[in-house]
Amino acid sequence: MAQDILTIDNVKMTTDSRIENIRNIGIIAHIDAGKTTTTERLLYHTGKIYKIGEVDEGTAVMDWMVQEQERGITITSAATTCFWKDKSINIIDTPGHVDFTAEVERSLKVLDGAVVIFCAVGGVQPQSETVWRQADKYKVPRIAFINKMDRTGANYFKVIDEIRARLGAVAVPVQIAIGSENKFSGIIDLITMKAVIFSGEDENVSLEVREIPEELKATASKHRHDLIEKLGEVDETVMERYIHEKGIYPNEIREFIRKLTISGKIVPILCGAASKNKGIQPLLDAITYYLPSPVDIPPVKGMDPETHEEITRRPLEDEKFCGLIFKIKADPFVGKLTYLRVYSGRLNSGEYVYNSSKDTKERIGKLLKMHANKQEIIDTALAGDIVAVVGLKKTITGDTICDEEGPIILESMHFPEPVISMSIEPKTKADQERLGLALNRLEEEDPTFKVSYNKETGQTIISGMGELHLEILIDRLLREFNVAANVDKPHVAYKETITKSTRAVGKFIQQTGGRGQYGHVVFDIAPAKKGEGIIFTSKIIGGAIPKEYIPAVKEGALEASGNGYLAGYPVTDIEVKLIDGSFHEVDSSDIAFHMAASIALNEGLKNGGSILLEPIMDLEVLVPENYLGDVIGDLNSRRVRISSIEDRANLKAIRGHAPLSEMFGYATQVRSLTQGRATYTMEPSFYQEVPKNIADKIIELSGHLKGK
């Protein structure tokens, strides 16, 4: 293959080594663990920025949205590219707040590796567990960085024990800290057996490699022995060398760690204090040493759109082009930015691509390399690259674009269902049209934001992952889209399901003098497993209903499931089998079968022992011990099932399951009970049946059963 020379930010690489020198990584963690702060330091040390931004001051480069700068939190994942030594590192900084979990989900889908950041004081927190599970789901190799080693209460080895116990990871420290809290002054590299001492402050921090201080030599030797032993437990070669006391060179240890990290067998652990600029260069080294390049992970798998056979694409430039759309972003200047991970081949600006998910062709207007909200126009994107595209009109999150001569559909992404809703209406007539357009743009951007229309009340309903999620979106409506709107108080997104199997018949027959309407279906409807949604299957054999009407039957059943029997909430976790029916040679139509299916489903819900389901949240409250009793009393009054109370530094950590409906306004209440000293986090966990006395009130308030 010809060795084209690429020049990016004055770094030259041949295309032979280019892909091997790419690292596509995400920075993921619980809220406030220091993701954005760490990312800012990574960018500073790689020369991408020349002044370190601060999250607390609203000057962080990666938190570029106005709402992020005002609140000091990350809301949207931001992408950038930087260079360390001979490696090109594409970094995506993700949100920590659970309301924006979709940003983490879609980022992990397209990344090859991740840096998981833990707070040295807080340890493994609820959202740490969530992002870890998401990384497990996509089999993303990761390294861990234990941050805030300079904070009071920092405990490096306690956090490592929590990573092992709570996350089930084979956590392998490759560094140990020299001191902690205000005495944190450096690290010992267990691979080279050298001390790295930090001196100076902030942007003027320098590091010096020295011999290990005498008083720490015994500790360092013990932990190096543990490191080799841990590697030996998962790799026979290391064990063989270790047992026979054959020496292992530092570069060999790194190779073993790299191999075992990429295969997901171990997680290397590092430490530092990002806000003080300590431990960042060793972290950059670890990213390049241990996290995979696109060629180190298995080739991406997909499906042939015609034969449905599994096919793969290798991350090579001479393969046919394919890429996955993982994010859409409204942009005030170009209209719509479409973020793309290129898995194989090359993509050129101005050419046409095939959207295999939509069976349509689209033209690439511009290709952009992103640095947060700043853009650099490029001519070509190659295998392994993460870029933004301007000009794609019909393409949405999860779609595959590829070469029409070699079509492939890559596996899409699955996002959690919204748990909270509110009605919204424009303030003026002028706002009405703008509101519809703006909501469409936001829904296209965010797969966890849903817009629906309640026919009974005439209201537009918006749904999302939490109060903060909807608050941010409403703020964006006003600032970005110049739409003024009134919203009501948030309410819970309940669901309905059935508790017993039933058979239901639906007939839609109309005679109006001319051609009539005739549709007749018979369903067997049964409860499905939790989380399965609506499963529709046709068991029609022998033409009781012609094949061409089956899609209309399915569509009618799915549409009817959006409006449950008890209180009008969406139906979930039911299995609908079409087992029989009949048709009329002249009068049958798609509409008739659509209506018949809707009638049958409503009948089935009525006779299937329908119940209401409510979202239950995983809750953790951190509270000083002297307020523990008051906080527990309040939680009990909110129907919270407490599962554990643990010590966390100098606080008590209460964990339990809380019905979302009982948690509105909890932030104010818990602050009031503890003089502002308690904090809490909450994330959706599962749906369960609403207690009967509460369900009766919800049904009565909805008035939905009247007339049924």
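Is His-308 buried or exposed? At 53% relative accessibility, His-308 counts as exposed, where buried means under 20% relative accessible area, exposed over 50% and partly exposed in between, with a 1.4 Å probe and protein chains only.

Before going on, the basis. This is a predicted model, in which local features need pLDDT of at least 70 and side-chain atom pairs count only at pLDDT 80 or more, while totals for chains, interfaces and linings use all residues. Residues are numbered from 1 along each chain as its sequence is written, and side-chain values use heavy atoms, with hydrogens and water left out.

Back to the loops. His-308 is in the loop between strand 14 (300-303) and strand 15 (310-313); helices (H or I, at least four residues) and strands (E, at least two) are DSSP runs, numbered from the N terminus. Phi of His-308 is positive, near 65°, and the residue is not a glycine. As background, most residues other than glycine have a negative phi. Glu-181 is another non-glycine residue with positive phi, near 55°. Glu-181 belongs to the loop between strand 9 and strand 10 and is partly exposed, at a relative accessible area of 29%.

Strands of a sheet pair through backbone hydrogen bonds, either parallel or antiparallel. Here, two strands pair if DSSP finds at least two bridges between them. Strand 9 (residues 175-178) runs antiparallel to strand 10, with four bridges joining them, and Ala-177 has Ile-187 as its bridge partner. Strand 11 (residues 194-199) is also antiparallel to strand 10, again through four bridges; there Ile-188 is partnered by Ala-195. Strands 10 and 11 form a hairpin with four residues between them. In that turn, Met-193 has a positive phi of about 55°.

Next, strand 17. How many of the 10 residues of strand 17 are buried? Nine are, so strand 17 (residues 335-344) is largely enclosed by the rest of the structure. Strand 16 (residues 322-331) pairs with strand 17 in the antiparallel sense over nine bridges, and Cys-322 stands opposite Ser-344. Strand 24 pairs with strand 17 as well, antiparallel and over five bridges; Thr-338 has Val-389 as its bridge partner there. Within strand 16 lies Gly-323, which is buried at a relative accessible area of 0%. The C-alpha of Gly-323 is 9.6 Å from that of Val-110, although the two residues are 213 apart along the chain.

The structure holds three cavities of 30 Å³ or more. On a 1 Å grid over the protein atoms alone, a cavity is a set of points where a 1.4 Å probe fits but cannot get out, and lining residues have an atom within 4 Å of a point. Grid points are joined across faces, edges and corners, and a volume is the space filled by probe spheres set on the points. The second largest cavity has a volume of about 60 Å³. Which strands supply at least two residues each of its lining? Strand 4 (78-84), strand 5 (87-93) and strand 24 (386-390) do. The lining residues include Thr-80, Ile-91, Tyr-339, Met-370 and Val-387. By class, the lining has eight nonpolar residues, three polar and no charged; Ala, Val, Leu, Ile, Met, Phe, Trp, Tyr, Cys and Pro count as nonpolar, Asp, Glu, Lys and Arg as charged, and the others, Gly among them, as polar.

Helix 9 (residues 250-262) has 13 residues and reaches 18 Å from first C-alpha to last, close to the 18 Å expected at 1.5 Å a residue, the expected span being 1.5 Å times one less than the number of residues. Its buried residues include Arg-254, Phe-256, Arg-258 and Leu-260. Gly-264 follows helix 9 and has a positive phi, near 80°.

Last, an open sheet of four strands, in the order 33-34-36-35 with mixed pairing. Strand 33 (502-510) and strand 35 (534-538) stand at the edges with a single partner strand each, so one side of each has no neighbour in the sheet. Strand 35 runs parallel to strand 36 (residues 574-582), joined by five bridges, and Thr-537 is partnered by Lys-577.

How values were computed. 1 Å grid on protein atoms, 1.4 Å probe; cavity = no way out; pocket = protein on both sides within 12 Å on 5 of 7 lines; lining within 4 Å.
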